[in-house]
Amino acid sequence: MQIYKYFATSLTFITLVSVNLFAATLPIPPLAPYTMVNGVKTFNMNIRQSTTQFFSGVNTRTYGINRNVLGQTIRIHDGDRVKINYTNSLSEATTMHGHGMHVPAIMDGGPKNKIQPGQRWTASYTVNQPASTNWYHPHLMGTTARHVYMGLAGMIIVDDDNSDTLALPKTYGVDDIPLIIQDKRFTSSRQIHYAPNRMEIMRGYTSRTMMINGSISPTVYVKDKQIRFRVLNASNSSLYNLRFSDGRAFKQIATDGGFLEKPVNLSSLLLSPGERAEIVVNFSGDLGSTVTLRETRNNINIMTVNVNRTSTGVTSVPSTLKKLEKYRASDAVRTRNFLLNTVGGGMMGQMAINGRAFNLSRIDNVVPVNDIEIWNIRNTMNLEHNFHIHAIHFMILERNGSTARVAANEKGYKDVVRIPPNSSVKVIIKMKDYIDPNNGYMYHCHFLEHEDDGMMGQFTVIQNKNNPVTQWAPIMMDSITTMVPSPLPLGSTTY
Ligand SMILES: [Cu+2]
């Protein structure tokens with residue numbers, strides 16, 4: 001009976017997928033509208049439950065932010081004063097963390113910034129970082145993985161004066177296209193199925209049903225020119241190796257923390273959960289043809305690119321993008337060691353860092369501001385992990401003790417680094433501001449099942465008597481306390 005049921009399910013599933021294959025146009029998450037309130041760019045983001053048709057005719061329960069699934073794209077500029085009001089319309093508590101955002105710890109949206117059902121939490125700060133592709137997602141201890149899986153993830157695009165002037169494709173959704181890549185399991189009634197067992201917590205809760213921007217096997221229609229894709233691995237625990245079906249080369253222009261110094265030529269791109277890459281692909285001369293974007297670890301066609309329009313857009317990619325500030329290993333004043341392994345029970349024990357599972361009321365590390373540090377992260381398990389540090393962007397110094405093993409497309413600012421089984425990575429970091437001895441930032445494995453299980457720690461940034469900074473000033477709260485209804489008032493923008 002079980003076997004029959006399994007086959008029946010599989011057959012139905014295959015039929016549904018084949019019906020939908022390459023049928024949908026790639027959805028582009030709209031830009032989030034904002035209002036200017038006393039000079040502050042104010043966004044109202046409603047976290048809610050709804051339904052989405054991943055499979056035609058079937059309503060699947062999903063979570064989204066101002067959308068049925070995933071979130072609108074928040075677009076802000078270096079130097080902007082912003083307030084992002086997150087209202088929790090779910091029937092359960094959550095949080096909303098700005099991943100990659102360089103903000104004060106209390107604005108980070110980590111596990112401490114809990115938003116109860118019906119409540120609102122506001123991230124208010126002055127944007128203080130270079131142009132980059134970031135994202136927002138829940139970060140409540142123990143439920144992060146399920147909440148992201150249900151659909152809570154959106155992009156935050158930061159612009160700056162440099163990105164404004166670089167001759168790169170920059171029309172959002174047209175030649176500058178977000179690609180939020182995930183995979184999901186579904187029940188036989190096509191509801192999202194999130195129920196990892198112990199082995200799946202360890203090895204990853206993965207699926208062959210992949211989606212981009214919440215759509216299974218979509219088609220994106222582009223002009224015959226240079227097209228920029230902002231790629232985000234928003235999966236819970238999958239590595240994606242992306243490649244085009246014709247093996248064409250493309251250029252990576254940005255890592256997690258913004259532009260590389262120069263474009264890096266690639267024919268495949270490997271991203272672990274939480275990592276981002278901006279790539280530019282040349283489709284000139286391809287009018288009338290299609291090419292498939294493939295995930296090669298599992299041999300899945302994930303998106304068709306249909307070149308159906310002609311254009312006289314950007315024809316080349318600038319040869320230099322940005323000068324990056326780089327620290328040498330000899331500049332570091334200390335090295336911290338982080339061991340990724342389990343505690344208690346060996347391979348089946350609880351995920352931990354340095355033998356301790358996460359505890360919200362424990363500060364694991366105290367980092368003096370303006371000190372250059374090396375963080376030496378070792379994965380001694382026979383499993384994939386990665387390592388994400390909140391608020392600070394770092395550079396990778398070494399892989400397995402070798403500077404030569406750091407790939408060219410990793411030589412930019414990063415906030416997530418892949419740590420393959422039984423390997424080590426040294427990164428160099430410097431926190432320059434936002435001292436707060438009372439509120440911590442997280443560092444953790446971004447395989448969400450590992451993070452929820454305890455592979456996470458907490459650090460504070462404290463004053464440095466040798467090299468002090470002034471305390472950051474919070475943006476004053478104003479009188480806006482309710483959601484701004486549509487239609488949007490003058491001064492707002494929408495896509
Ligand atoms: Cu991990």
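Me: In which loop is Asn422 found?
Reply: In this predicted model, strand E29 covers 416–419 and strand E30 covers 423–430. Asn422 sits in the loop between strand E29 and strand E30.

Me: What is the phi of Asn422?
Reply: Most residues other than glycine have a negative phi. Asn422 is not a glycine, yet its phi is positive, at about 50°.

Me: Is Asn66 buried or exposed?
Reply: Asn66 lies in the loop between strand E3 (58–65) and strand E4 (70–71). Asn66 also has a positive phi, about 60°. The cut-off for a buried residue is 20 or more other C-beta atoms within 10 Å. Asn66 has 20, so it is buried.

Me: Which residues does Gly257 touch, not counting those up to four places away in sequence?
Reply: Gly257 lies in the loop between strand E17 (250–255) and strand E18 (258–266). Gly257 counts as buried because it has 26 C-beta neighbours inside 10 Å. With residues up to four places away left out, Gly257 touches Ser132, His393, Gly412, Tyr413, Lys414 and Asp415.

Me: What radius of gyration does the chain have?
Reply: The chain has 5 helices and 32 strands. For 495 residues, a compact globule would have a radius of gyration near 23 Å. The chain agrees with that, because its own value is 22 Å.

Notes. Residues are numbered from 1 along each chain as its sequence is written. This is a predicted model: local features need pLDDT of at least 70, side-chain atom pairs count only at pLDDT 80 or more; totals for chains, interfaces and linings use all residues. Helices (H or I, at least four residues) and strands (E, at least two) are DSSP runs, numbered from the N terminus. A residue is buried if 20 or more other C-beta atoms lie within 10 Å of its own, exposed if 12 or fewer, and partly exposed in between; C-beta atoms are placed from the backbone. Two residues are in contact if their C-beta atoms, placed from the backbone, lie within 7 Å. The radius of gyration is taken over C-alpha atoms; the globule rule is 2.2 Å times the number of residues to the power 0.38.
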